[in-house]
Amino acid sequence: MRVVSGIQPTGNLHLGNYLGAIRNWVAMQEEGECLYFLADLHAISMPYDPAELTANTREMAAALVACGIDTDRSVLFNQARVPAHSELQWLLNGTARMGWLKRMTQFKDKSGKNQEGASIALFTYPVLQAADVLLYQATHVPVGEDQKQHLELARDIAQKFNNDYASEEAPVFTLPDPIIPPAAARIMSLRDGSAKMSKSDPSDMSRINLTDDADTIMQKVKKAKTDPEPLPSEAAGLVGRAEAQNLVGIYAAMAGESVDAVLARFGGQGFGAFKPALGDLLVAHLDPIGERFRALKDDHAALDAILVKGAQKAALMAAPTLAATYSALGLAR
Ligand code: TRP
């Protein structure tokens, strides 16, 4: 099992990122050989600030290590340090079809009404993503629901390339399977149960940041929006109560329990009892992460060393597939 996944270095990681993606990455280290990277090359597809990108890439690396990505076991790096990603993307541009890319909903969402003004990188973004995973013969790619379409495209590209340029006995690329975490991992704003928890929400009270200390976490939980009703004793009773559903969902995800199991304990109780329990649970998990993060985040030399070492390992692992791709295409190098 070869696990490969990337995350855009946005900075300000929060509970939604942790429960939605990162925790899953940490767990998958038990299952197979993992390569995780900061998708800094993808970040240039939208307007951005170069200095901020450098800072966010380091910060995200610190957060991943703090959350439990073990750099002795897994390969952690930033894309830009491994030129094979860009190279393979160009080679795959010969196989990807305009029609396939035009169907990608993320391009439509991110370019909005101004498709003519969008960067070419935003359009070909999914081809780079395909290169990211095909380069390492990934078998499993943990992603959010929103990235499923890009993974299907990666499979289509791999299949067409194998068909066009390789024999059935010796395919160049492995077709990767997406791994989508359960819907329970959808974490919403603490101020509005119908909006996703987001780093761009103007209210800091809407999210729990991985950098928040114990007091801040507890305070945010206690101030979270709720309704006056006591908790129901089964999941069906949460329908139409978005805020209650979110808080119970967070508890269940963090504790690794089902929503029904949580409600079996807390059903009939009000938020006055539930919120402190949720706060304690979050603090117990997040406080050690925050501590490790704060200790590491300003140590640029240590973070760069981690990423350089990871990139060296990744480049070695990428080399055979890259060579096979050039060769299959009849390109001498
Ligand atoms: N596009 C992904 C996202 O925004 C990040 C990403 C880049 C990725 N390359 C990848 C995810 C390869 C999985 C595999 O979430």
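Gln79 sits in the loop between β3 (75-78) and α4 (84-93); helices here are DSSP runs of H or I with at least four residues, strands are runs of E with at least two, and both are numbered from the N terminus. Is Gln79 buried or exposed? Gln79 is buried, at a relative accessible area of 0%. Buried stands for under 20% relative accessible area, exposed for over 50%, and partly exposed for what falls in between, using a 1.4 Å probe and protein chains only.

Before you click on, some ground rules. You're looking at a predicted model, where local features need pLDDT of at least 70, side-chain atom pairs count only at pLDDT 80 or more, and totals for chains, interfaces and linings use all residues. Residues are numbered from 1 along each chain as its sequence is written, and side-chain values use heavy atoms, with hydrogens and water left out.

**The ligand**

Show the ligand and the residues around it: Ser5, Gly6, Phe37, Ala39, His42, Tyr125, Gln129, Asp132, Val133, Val141, Val143 and Gln147.

Sorted by class, the shell has six nonpolar, five polar and one charged residues. In that tally, Ala, Val, Leu, Ile, Met, Phe, Trp, Tyr, Cys and Pro are nonpolar, Asp, Glu, Lys and Arg are charged, and the others, Gly among them, are polar.

Now put distances on the side chains. An N or O atom in the side chain of Asp132 lies 2.7 Å from a ligand nitrogen. For the side chain of Gln129, the distance from an N or O atom to a ligand nitrogen is 3.0 Å, and for that of Gln147 it is 3.1 Å. On its own the ligand has 360 Å² of accessible area, and the protein covers 89% of that; such areas come from the Shrake-Rupley method with a 1.4 Å probe, and for residues only the protein chains shown count as cover.

Next, select Gln137 in the loop between α7 and β4 (140-142). This non-glycine also has a positive phi, of about 55 degrees, and Gln137 counts as partly exposed at 23% relative accessibility.

**Gln29**

Go to the loop between α1 (15-28) and β2 (33-38), where you'll find Gln29. Gln29 is buried, at 6% relative accessible area. Its side chain reaches the backbone nitrogen of Asp70 at 2.9 Å and joins the side chain of Ser74 in a polar contact of 2.7 Å. A polar contact is a pair of N or O atoms within 3.5 Å; within protein, one must be able to donate a hydrogen and the other to accept it, and residues adjacent in sequence count only if both atoms are side-chain atoms.

**Across the domains**

Zoom out and colour domain 1 (2-184 + 299-328) and domain 2 (212-295); these bounds come from an automatic or database domain assignment. The two C-alpha centres lie 32 Å apart. Ten residues from domain 1 and nine residues from domain 2 take part in the contact.

Select Met254 in helix α10 (residues 242-255). Met254 is buried at 4% relative accessibility. Setting aside residues up to four places away in sequence, Met254 touches Leu15, Tyr18, Leu19, Arg23, Leu281, Leu282, His285 and Leu286.

Last stop: Lys220, in helix α9 (residues 214-223). Is this lysine buried or exposed? Lys220 is buried, with a relative accessible area of 1%. Its side chain makes a polar contact of 3.0 Å with the side chain of Asp204. Apart from residues up to four places away in sequence, Lys220 also touches others, including Leu190, Met205, Arg207 and Asp212.

Technical notes
A residue is near a molecule or strand if one of its heavy atoms lies within 4 Å of it. Contact means heavy atoms within 4.5 Å.
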